[in-house]
Structures are given as structure tokens and as C-alpha cells.
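Student: I am new to this one. Could we go through the contacts and the exposure of some residues?

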Amino acid sequence: ETLRFVARLQAGGAATVGLESLAADHPLVGGAGTDNRVAIYSDRYDEQPLVVQGPGAGAGITAAALLDDVLAIATAR
């Protein structure tokens, strides 16, 4: 199994976010590096979800955003 941070939104608006242990063949386990994945289950995709995958921010972009936030706080009047 593989640990992944997973956000779930259920019909009716119930939401959960947390660390989950997923089986190696789970749709959210694939991808490489900083890729993000979304698995959409619906009436049409009830057994095999529609999976959307794309690049995440990565370390460089995340670090730059944090530095921007720190500088904004430090220079706020």
C-alpha cells in the first residue's frame, strides 16, 4: 500500500481530508513526482473512475510562494 493525502467530496456536501493508505492499484496511487490526480466516480463511472492528472506546484514554486507570503507579512504596515 501507498500513503497519499486524499480529499473526498460526497454527494450532499460531506467532505473529508486526510492521509490514507491506498492499495497499489488504486486510481490515486499512480503518477510521478509532484503530479496531482483527481478520480471522479459517478453514475457513469461507478466501477472505474474518470481520472484527471496534471503537474502539481513542485518544490520551487511552493518555496517561492512561501517566500512571497513571508515578505508580504514582514513589509505590511
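Tutor: A salt bridge here is a side-chain nitrogen of Lys or Arg within 4 Å of a carboxyl oxygen of Asp or Glu. This is a predicted model, where local features need pLDDT of at least 70, side-chain atom pairs count only at pLDDT 80 or more, and totals for chains, interfaces and linings use all residues. Residues are numbered from 1 along each chain as its sequence is written, and side-chain values use heavy atoms, leaving out hydrogens and water.

Student: To how many salt bridges does the count come by this rule?

Tutor: Side chains of opposite charge can pair when their charged atoms come close. Glu20 makes such a pair with Arg8. By the rule above, the count of salt bridges in the model comes to 1.

Student: How far apart are the closest N and O atoms of Glu20 and Arg8?

Tutor: The two residues form a salt bridge. The separation of the closest N and O atoms in this pair is 2.8 Å.

Student: How many residues apart in sequence are the parts that Glu20 and Arg8 tie together?

Tutor: Strands are DSSP runs of E of at least two residues, numbered from the N terminus. Glu20 lies in strand E2, residues 15-22, and Arg8 lies in strand E1. The pair therefore ties together parts whose separation in sequence is 12 residues.

Student: Is Ala11 buried or exposed?

Tutor: Ala11 has its place in the loop between E1 and E2. Its relative accessibility is 82%, so Ala11 counts as exposed.

Student: How far apart in space are Ala11 and Ser42?

Tutor: In sequence, Ala11 and Ser42 are 31 residues apart. In space, from C-alpha to C-alpha, the distance between them is 9.8 Å.

Student: How far apart in space are Ala7 and Ala65?

Tutor: Ala7 sits in strand E1, and at 62% relative accessibility Ala7 is exposed. Along the sequence, Ala7 and Ala65 are 58 residues apart. Their C-alpha to C-alpha distance is 22 Å.

Student: Is Glu1 buried or exposed?

Tutor: Glu1 lies in the segment before E1. The relative accessibility of Glu1 is 70%, so this residue counts as exposed.

Student: How far apart in space are Glu1 and Gly58?

Tutor: The two residues are 57 residues apart in sequence. Taken from C-alpha to C-alpha, the distance from Glu1 to Gly58 is 23 Å.

Definitions and conventions: Helices (H or I, at least four residues) and strands (E, at least two) are DSSP runs, numbered from the N terminus. Buried means under 20% relative accessible area, exposed over 50%, partly exposed in between (1.4 Å probe, protein chains only).
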